[in-house]
Amino acid sequence: MTKRFDVCVQGAGAVGKALALALSRQGFSVALVQAAQPPGAAAAREDVRAYALNAGSIGLLAELKVWESLPAQGAATPVLDMRIEGDSRGRLEFSAWEQRVRELAWIVDAAALEQELATALRFAPHVSLVGEPAPAELLAVCEGKASATREALGAGFEQHAYGQTAVAARLVCEREHMGVAWQWFRSPDVLALLPFDRPEAGRSFGLVWSVPAERAQQLMALDEADFNAALNEAAGPAPGMLKLASQRAAWPLSIGRAARWCGPGWVLLGDAAHVVHPLAGQGLNLGLGDVATLARVLAERQREESWRPLGDERLLSRYVRERASPTWTMAQLTDGLLHLFAQPGLPLRELRNSGLTLVHHLKPLKRWLAGQAFK
């Protein structure tokens, strides 16, 4: 007889793994669906992604006993300061000291985090790794923005392509990064340097460079020396001379949101529910926020409404209501900034750069923005 689980988690990325761990800790039986690697598949490319994790995400990973297990040698690097520059002398700066915290965020090696989540799952007593969906009271869809399961459920997904591509890589710098994250809004590009300790401790950055699709193709086709030259011209002298230290990766950018996040017996989390531009580095933070909220809603049901089925739509709607506002707010914030700095014309350029500098001096608004991104 086929075993029936409490929850079937469809999608075994960081969000899916974290959800399986969180629900296992509550005693739920969980089937985590992992797609089998086809025979003879090509070796995986180097993973050059780096996640910018806020305090909420770190707190969840600590609860799951994953955070402390990350390798000490450079897998996580604290962000102490953030410097944002516009395209005409506009600037906005954040500091951990000003926000009265030890660090603004942590930059985490994506591959190392995925590995530690996978290791933790091997010791999770109530998680079964399966190759296909298993019968369960609740289906949690964590497949990402191209989710076939979401489509089959009829949840709908409105997606708009930005016509931009993110180019990512690992860099080394002639100077120490000092825990400073850099970001430049220079129409039509958004260039971000994330302080990192791999491959060289104290002198590395994670690169996320959002550019028009045609420009991205050109950048990916350049040899290493020409790419370094283009990168240093875009970044300027402030961070120090930069050079490639890894392969380059690229992926198209879009904004998207599911029409429905839950239904009888199913719920969406992470990019399956919402997709934002990476300029604020909030994609995984939003997904882990979904995990923390759903896990809490289900835990409260255990204590107060154990008679209610896990797949009860009214129960799942509590999760949806709580996550609707923070995900919508971040999507609008990143989308608005992107379009504001993409518009040509001198008057608007001067206005947006003056606005950026004004926010730097308006402490209450600055604290609110910091709260949206770093908490």
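## Terms and model

A crossing of two helices is left-handed if the near helix is turned anticlockwise from the far one by less than a right angle, and right-handed if it is turned clockwise. The structure is a predicted model, in which local features need pLDDT of at least 70 and side-chain atom pairs count only at pLDDT 80 or more, while totals for chains, interfaces and linings use all residues. Residues are numbered from 1 along each chain as its sequence is written, and side-chain values use heavy atoms, with hydrogens and water left out.

## The chain as a whole

The protein chain has 11 helices and 18 strands; these are DSSP runs numbered from the N terminus, with helices (H or I) of at least four residues and strands (E) of at least two. Of its 375 residues, 52% count as buried, where buried means under 20% relative accessible area, exposed over 50% and partly exposed in between, with a 1.4 Å probe and protein chains only.

## Helix α1 against α4

Two packed helices are described by the angle between their axes and the distance between the axes. Helix α1 covers residues 14-25 and helix α4 covers residues 110-122; their axes come within 10 Å and cross at roughly 30°. That makes α1 roughly parallel to α4. Axes here are lines fitted to C-alpha atoms, for helices over the stretch in contact, and angles run from 0 to 180 degrees between N-to-C directions. Angles under 35 degrees count as roughly parallel, over 145 as roughly antiparallel, 65 to 115 as roughly perpendicular and the rest as oblique.

The crossing of α1 and α4 is left-handed. On the α1 side the contact involves Ala 14, Lys 17, Ala 18, Ala 20 and Leu 21, and on the α4 side Glu 114, Leu 117, Ala 118, Ala 120 and Leu 121. By class, these residues are eight nonpolar, no polar and two charged. Nonpolar here covers Ala, Val, Leu, Ile, Met, Phe, Trp, Tyr, Cys and Pro, charged covers Asp, Glu, Lys and Arg, and the others, Gly among them, are polar.

## Helix α1 against α8

Helix α1 also packs with helix α8 (residues 283-304), the two axes coming within 9 Å and crossing at roughly 20°. That makes α1 roughly parallel to α8. This crossing is right-handed.

From α1, the contact uses Ala 14, Val 15, Ala 18, Leu 19, Ala 22 and Leu 23; from α8, it uses Leu 284, Gly 287, Leu 288, Val 291, Leu 294, Ala 295 and Leu 298. The contact of α1 with α8 has 12 nonpolar residues, one polar and no charged.

## Helix α7

Helix α7 runs over residues 224-235, and at 1.5 Å a residue its 12 residues should span 16 Å, which agrees with the 16 Å between its end C-alpha atoms. The expected span is 1.5 Å times one less than the number of residues. Just after α7, Gly 236 has a positive phi of about 80°.

Phe 227, Asn 228, Ala 230, Leu 231, Asn 232, Ala 234 and Ala 235 are the buried residues of α7. They pack against strands β10 (157-173), β11 (180-186), β12 (189-196), β13 (204-212) and β14 (242-244), and against helix α6 (213-221).

## Loops and backbone

Arg 198 and Pro 199 are joined by a cis peptide bond, with omega about 10°. Pro 199 sits in the loop between β12 and β13.

Lys 65 is not a glycine, yet its phi is positive, at about 65°. Lys 65 belongs to the loop between α2 (55-63) and β4 (76-79), and with 56% relative accessibility it counts as exposed. Met 178, also not a glycine, has a positive phi of about 55°. Met 178 lies in the loop between β10 and β11 and counts as exposed at 57% relative accessibility.

Arg 4 lies in the segment before β1 (5-10) and is exposed, with a relative accessible area of 53%. Apart from neighbours within four places in sequence, Arg 4 contacts Ser 29, Pro 135, Ala 136 and Glu 137.

Pro 264 is in the loop between β16 (262-263) and β17 (266-268) and is exposed, with a relative accessible area of 60%. Pro 264 and Leu 139 are 125 residues apart in sequence and 9.5 Å apart in space, C-alpha to C-alpha. Not counting residues up to four places away in sequence, Pro 264 touches Gly 311 and Glu 313.

Note on methods: Contact means heavy atoms within 4.5 Å.
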